[in-house]
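Morning, everyone. Please have a look at the model first.

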Amino acid sequence: MKMLIREVASRSLLSKSGIPGVDYCVNPYTGCAHACRYCYAEFMKKFTGHREPWGSFVDVKANAPEVLRRQLKRARRGTVMLSSVTDPYQPVESKYRLTRQCLAVLLEHQFPVDVLTKSPLVLRDADLIARFKDIDIGLTITTDDERVRKAFEPNAPPVAARLRALKELHEKGIRTYVFIGPVLPMNPDKIIQAVSPYADSILIDSMNYPYKTAALYREMQLSGWLDSDFIARVVATLKKGFSGKKVSVC
């Protein structure tokens with residue numbers, strides 16, 4: 001799939017959040033090259049004028065650090081999430097470094113930060129991350145099966161790369177969590193074994209977004225994973241396996 005990348009100017013970057021425990025969201029990019037088949041953020045297209053398929057374009061908010069610095073001067077202290085409708089460490093971040101620059105601005109004010117990504121590129125910024133007094137770094141890990149990952153998250157980093165990043169962050173003394181969302185076809189026992197030593201907490205999204213992915217499940221002969229009762233049993237297995245850790249289900 002050809003990727004359209006364009007630079008745009010943003011008038012606002014620090015947005016109020018409706019996510020529990022999060023006061024603000026910062027999204028340095030609009031669109032996401034990971035092209036996850038279940039992505040809920042497709043609604044962002046209506047604010048951009050894009051007609052291209054979701055996952056085939058990224059708008060780069062080139063002035064994001066400057067806008068964020070201006071907004072933080074007037075903002076009440078609160079937790080900032082990077083990011084809610086894009087991956088802050090998708091491939092364009094290697095070139096534009098907007099997430100890194102935004103982290104540096106947030107560090108100036110020592111705002112609490114929550115980073116959620118699928119990418120090991122987050123390790124590049126471990127030097128900044130280590131200087132925050134209050135920061136959580138989350139890795140999204142939806143399955144242990146690379147075949148499933150390639151089908152549902154075609155351009156996202158491999159599962160093994162995310163697990164290595166999680167381990168390295170943990171070993172650096174950085175507070176980590178894993179977001180299992182959505183619950184894609186998996187062996188829950190393998191997920192528990194792989195994640196438990198390196199995640200301080202677990203967040204599980206029990207939705208499978210079947211309105212987007214039902215055809216893909218059927219094509220892959222995984223229709224059983226569309227059954228809400230079946231998903232509930234998998235979630236229960238995950239919760240039990242992560243006993244002793246803080247586990248939240250949404």
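Strand 7, residues 113–117, has five of its five residues buried, so it is largely enclosed by the rest of the structure. Buried here means under 20% relative accessible area, with exposed over 50% and partly exposed in between, using a 1.4 Å probe and protein chains only. Strands are DSSP runs of E with at least two residues, numbered from the N terminus.

A word on the source: this is a predicted model, where local features need pLDDT of at least 70, side-chain atom pairs count only at pLDDT 80 or more, and totals for chains, interfaces and linings use all residues. Residues are numbered from 1 along each chain as its sequence is written, and side-chain values use heavy atoms, with hydrogens and water left out.

Which residues cover the two faces of strand 7? On one side there are Val113, Val115 and Thr117, on the other Asp114 and Leu116, and all are buried.

Now the neighbours. Two strands pair if DSSP finds at least two bridges between them. Strand 6, residues 80–82, pairs with strand 7 in parallel through three bridges, and Val80 has Val113 as its bridge partner. Strand 8, residues 135–140, also runs parallel to strand 7, joined by five bridges. There, Val113 stands opposite Ile135.

The whole sheet is open, with eight strands in the order 2-3-6-7-8-9-10-11 and mixed pairing. At its edges are strand 2 (14–16) and strand 11 (246–249), each pairing on one side only.

Last, the antiparallel part: strand 2 and strand 3, residues 24–26, pair that way over three bridges, with Leu14 partnered by Val26.

Definitions and conventions:
Helix = DSSP H or I, 4+ residues; strand = E, 2+ residues; numbered from the N terminus.
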